Amino acid sequence: MSSLVLHRARTVLPVAPPPIADGAVLVDGGTVVRVGTHDELTAALRDAAFERVEWDGTLVPGLVNAHTHLQYSDMAVVGQGSYSGFETWMSAFMELYPVPRDWGASAAEGARQALRTGTTAVAEIVTDPEAAAATHEAGLHGVAYWEVLGWSDAAWGIDGRETVIAQLRALPEPPTAGISPHAIYSLDTEVLRDLTALAAELGVRQHIHAAESAWEDAYVRTGTGDLADRARAHGRGEFALLRDGGAGHGVIAYLDSVGALNPRTHLAHGVYVDADDRALLRRRGVSVALCPRSNAVIGLDPPPIGAYLREGNPIAVGTDSLSSSPSLNVLDDVAALYSLARSQGYADADLHARLLGAATRGGAVALGLDAPATGVLQSGARADLAVFPIRAGDPRDALAELVEVGAPESLATIIDGRTRSRAAAGPWRDLASPGRATAGPKHDPADPREDTRA
Ligand SMILES: [Zn+2]
């Protein structure tokens, strides 16, 4: 029997090719075969057997959440607060973090929320091993980054590498495993250098929190300030930056000095960066996952989205975790970035398209999801799709509404051609294509727990 499925929608926003009114995406198993208008594709199909699904909304590539920690989903009480800076947020977080909880269930709930809001791939940071199975079981694409923190150079020299290699091997695949050196202040200098070398040796991706708070700047420049005091109080006084009075330059240049800026790596946040930092990131091919709502909850400055766009940096979008953000809906951060870009003076006609691109293709680039092509709807791409209840018939209007307003949930979230989540009472309908040899509509269970892969 044919496995061809024709997804028709009011509008299709393929990201790289132009938006399409009354569009369609032809999928064969887990692969996009062709994208075009509904009339073009049905004409091309002629007498072939296929299933047709009609969506009352806009169809886009599945969203890529380029920075999150699904395991903190049941720490949402922290993210619902608002803080005056990293210090107060961190205190609230650390008060709850040691409380025993079921990290596996917490991460699974996060994965369900991601699927419900149109996300098909994640840069998931795994801190506790119990949380590692959630993305695997939900069928989400992306990278599970094992978080590494707290190592001094001396301790690392004893058994650091072996420990991290064993931890990486314990992660269930897919998704592929990666390494997340937590931040410049939680790892000693030679550890950061060696983790970068290890990622290259193992051929895995790397993801680092960087330039998130102004705190980090004094720490890395001079080894002083509140963050440095706090690190010393936690027994990290032997870290080279603290011992030697800093590196004399900022976070981005410091990461470059240990080799950590390379196309295998992407950063989270990138708030406190200047023009030289952004230029260095471009030269090194390093994407930045922007998480504006998390920055706002913590009480930090907004990311310089206007400058990133004007200067042409590769960017992606992340929600961060529910411990610092009100939701795991990537579109909510897209809407925040839209407002910020306008307020920072960026109002070019391509703003909507570039922000949707950041939340799809930009995320795929950041995570190295390129074989097959991801975050874009074109022939040969991965059939990861999301449909949102945006009813505009003009694709430019649909794009503007999707970016500026978003949607509380998707009508459907489809991974590798299989429906992983769909709105309980959404205005979707399936139509068997009349006169053609098809078995009629069929769907996989919406509940990812009933739809785990073999
Ligand atoms: Zn984070």
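The structure holds 20 salt bridges, a salt bridge being a side-chain nitrogen of Lys or Arg within 4 Å of a carboxyl oxygen of Asp or Glu. The model is predicted, so local features need pLDDT of at least 70 and side-chain atom pairs count only at pLDDT 80 or more, whereas totals for chains, interfaces and linings use all residues. Residues are numbered from 1 along each chain as its sequence is written, and side-chain values use heavy atoms, with hydrogens and water left out.

Side chains of opposite charge can pair when their charged atoms come close. Helices (H or I, at least four residues) and strands (E, at least two) are DSSP runs, numbered from the N terminus. R232 is partly exposed at a relative accessible area of 36%, and D229 is partly exposed at 46%. On this scale, buried means under 20% relative accessible area, exposed over 50%, and partly exposed in between, with a 1.4 Å probe and protein chains only. D229 also gives a sense of distance within the fold: D229 and E201 are 28 residues apart in sequence and 35 Å apart in space, C-alpha to C-alpha.

Another salt bridge joins the side chains of R243 and D244 at 3.1 Å, N to O; R243 is exposed, with a relative accessible area of 55%. In the salt bridge of E311 with R278, the closest N and O atoms are 2.6 Å apart. This pair links distant parts of the chain, with E311 in helix 14 (residues 305–311) and R278 in helix 12 (residues 275–284), 33 residues apart. E311 is partly exposed, with a relative accessible area of 30%, while R278 counts as buried at 9%. Salt bridges also link R8, D22 and E54 in a network.

The metal site comes next. The zinc ion is coordinated by H67 (NE2), H69 (NE2), H209 (NE2) and D320 (OD), at 2.1 to 2.7 Å. Donors are N, O and S atoms within 2.8 Å of the metal (3.2 Å for Na, K and Ca); water is not among the atoms, so sites may look incomplete. Angles of 85 to 172° among the 4 donor atoms make the site irregular. Four donors count as tetrahedral if all angles lie between 85 and 135 degrees; four count as square planar and six as octahedral if opposite donors are over 155 degrees apart and all others between 65 and 115; anything else is irregular. Along the chain, the donors follow the spacing H-x1-H-x139-H-x110-D. H69, in the loop between strand 5 (63–68) and helix 2 (76–79), and D320, in the loop between strand 12 (315–317) and helix 15 (330–343), are 251 residues apart. Both H69 and D320 are buried.
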